[in-house]
Amino acid sequence: METGHASLKQLFQQEFSKMVAVISHMYGLEHIETAEDIVSETFLTATESWNEKGLPANPTAWLYMVAKQKTLYHFRRNKIYEQKVMPELTAREEKSAEMDDLSFSPQQIKDSQLQMLFAICNPAIASEAQIGLALRILCGFGIDEIAEAFLSNKETINKRLFRAKEKLRTENIKMELPPEHEIVNRLDNVLHIIYLLFSEGYYSQTQNQILQKDLCIEALRLGLMLTEYNKTNLPKTNALIALMCFHASRFNARQTNDDTMVLYEEQNETLWDKALINQGQHFLALSAAGDEVSSYHLEARIAYWHCIKEDTPEKWEDILQLYNELLMINYSPSVALNRTFALYKANGQQAALIEAEKLKLENNHFYFLLLGELYKNIDPKKAMANLQRAYDLAKTQAEKQGIKRMMERF
Amino acid sequence: MKEFMLIFRQPSYDYSNATPDEMKTIAKKWQDWVGGIAAQGKVSAHGRRLDTDGKVLKAGGVVTDGPFVEIRERLGSFLIVKADSLEDATTLAHGCPALDANGSVEIRAIL
C-alpha cells in the first residue's frame, strides 16, 4: 500500500501544476488561489472515490474531468452572483463563451505551464518568493515540503507565498509570454530562478535526500520545458540544462546510506549516472551555438570536467581558466575558493597558498578547509589549526562530521 | 572602496615570432593574474585589449599612425579594480605580466 500511496502523491504533484496553470490561464492569474483550491478539492474527491471504488482506468483523465466540472461550477456560480450584484456587464462575462472551452489538452497544458513559468519568474517579485511560488505552483510541492527545503516553518512559507501572490495581483502580472523583444531579458530571470531551484536542491541543508533529488529533477524539468519553444531554446538554456545534468549525475555517489556526504575524491564513480552525463554532453554541444558565453556555459564546462575522474594537467588547467573567466562575470566567495583550489591543482601548492592568503574569507568554513589542505605538506600545525577553525565555523552536523574525519586521518 | 584604473604598457606587443605554446603561456600568465584579483572580488570592469594599430590626431588636424605618445611604451589594455587606497591598488598591480615584458602598470584613481 505504501508504494500505491507514493505514486498517488507523485501523480498529484505532477498534475497539480498542470491543472493550476490551465485554469489560471483560462480565468486569469488573479484567480490563482481559486485554481489551487479547485485542484486540491479535486484530489480530495479523487482520494475518497478511489479508496472506495478503486483506481479508475485512466486516473489523469479522471482528474481532468472532475477538475473541469468543479471549475465550471465555481465560475458559473460566481457569474450569477456577480450579475446579480453588478448590473453592468463585466469584462469577465465576455469570456463566458470560452468558459466551456476549458480543456486539459497536451498543447493547452504545455502553453499554460510555460506562461506560468514566465509569470512567476517576474523580477517584480522577490527572488526568494519566486522560488517559493515556483515550488508550489510549477512543481506542485506541499507547503511543509517547501518549509523543509528552506529549513523554515509553514507559517513563514505561507506568508511568503501569500505576499508573492498579492504581488502578482497588484503588479497586474498577466499569464502570457513577454513580447518577443523582451523574451531574451526575461529569460535570464527565468534561468536564474531555475538555477537557484536546482542549487536549493543540490546544496540544500535538509537531510531529506528524496526531497533534495525531487527539487533537482523539477528544476531540470522546467529547463527542458524551455527547450520546447524556439524563442526560449537558446544556447544559454542548453548550457544550464547541461550544467544540471552533470551535477545531478553524481547525486547517488555523493551520499551514503547514513546521510553523510561523500567527498568528490572518495566518490565511487560507478555510481555516477552515465545516462545523465550523456544527456549533459548533448546539451553542452547544443549550447556552443552562438557567441554568448554565459556563466552557465562556464559552469557547465567545469561540471563536465568533474565527470571525468582522472586527473590530468589539461583538466586542471582548463578548470582554472574557466574559473578565471567565471569570476570576471560572476564573483562569489565560493567561486573564488574553487578557483584557488584549481590553481593549487594546476600551478601547485605554493602559488595557491599565496593567492589563498589574500582572499580573507574569515567567516567561511570552506576557506579554512582549503587553507588546511594547502598547508598539509608545508606546515602540518598550521594545517590542523585551519581545519579546527573550519570545524568551528561549519553550520551543519554532516559538515562537522566530515571535517572531523579529515582531522582524524591527518 | 574606490575604483582605480590599472593601465598596462609594454615596449612591444610584437608576438609574431612567438610559438603557439609561448602565446599560451603569456595568455595564461595574464588570465591567472587577473583571476587572482577577481578572486578577491576586486575587479570592477574588465578593459578590452587594444589593437596595436591606430591613429593619433594632433593639433592642427594632423593625423599620424602613431606612436601614440612620445614614450617608449604603448598602451596595451587596462583594468578597473576596487581598492581602499592607492597603496592597496598598487599592491594588486604586483605580479602583472606586463612587468615581465619590461613594461609598466600605471595606477590612477577614478574620480
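Visitor: Where should I begin with chain A, and how many helices and strands does it have?

Guide: Begin with the secondary structure and the overall extent, bearing in mind that the model is predicted. Chain A has 20 helices and zero strands, and its C-alpha atoms fill a box of roughly 85 × 50 × 35 Å along the principal axes. Of its 410 residues, 37% count as buried, and among contacts between residues at least 6 apart in sequence, 61% join residues at least 24 apart.

Visitor: Which residues of chain A does UniProt list for the RNA polymerase sigma-70 region?

Guide: The unreviewed UniProt entry lists residues 21–79 of chain A under that domain name. Over this stretch the chain is 85% helix and 0% strand, with 21 Å between the end C-alpha atoms.

Visitor: How should I read a nonpolar core, and which residues have the most contacts inside the largest one here?

Guide: In soluble globular proteins, nonpolar side chains tend to be buried together. Here the largest nonpolar core has 122 residues, and Ala134(A) and Met244(A) have the most contacts inside it. Domain 1 (1–104) and domain 2 (106–208) of chain A both contribute residues, so this core lies between them. Leaving aside residues up to four places away in sequence, Ala134(A) touches Ile120(A), Cys139(A), Ile193(A) and Leu197(A).

Visitor: Why is helix H14 of chain A described as largely enclosed?

Guide: The general idea is to count its buried residues, a residue being buried if 20 or more other C-beta atoms lie within 10 Å of its own. In helix H14 (residues 295–305) of chain A, 10 of the 11 residues are buried, so the helix is largely enclosed by the rest of the structure. The buried residues of H14(A) include Tyr296(A), Leu298(A) and Ile302(A), but also Glu299(A) and Arg301(A). The packing partners of these buried residues are helices H10 (180–202), H12 (235–248), H13 (274–287) and H15 (313–329) of chain A.

Notes
Residues are numbered from 1 along each chain as its sequence is written. Chains are lettered from A and ligands numbered from 1 in the order in which they are written. This is a predicted model: local features need pLDDT of at least 70, side-chain atom pairs count only at pLDDT 80 or more; totals for chains, interfaces and linings use all residues. UniProt positions are given in the numbering used here, feature names are shortened, and annotations may be inferred rather than shown by experiment. Helices (H or I, at least four residues) and strands (E, at least two) are DSSP runs, numbered from the N terminus. A residue is buried if 20 or more other C-beta atoms lie within 10 Å of its own, exposed if 12 or fewer, and partly exposed in between; C-beta atoms are placed from the backbone. Two residues are in contact if their C-beta atoms, placed from the backbone, lie within 7 Å. A nonpolar core is a set of buried Ala, Val, Leu, Ile, Met, Phe, Trp, Tyr and Cys residues joined through C-beta atoms within 7 Å. Domain bounds come from an automatic or database domain assignment.
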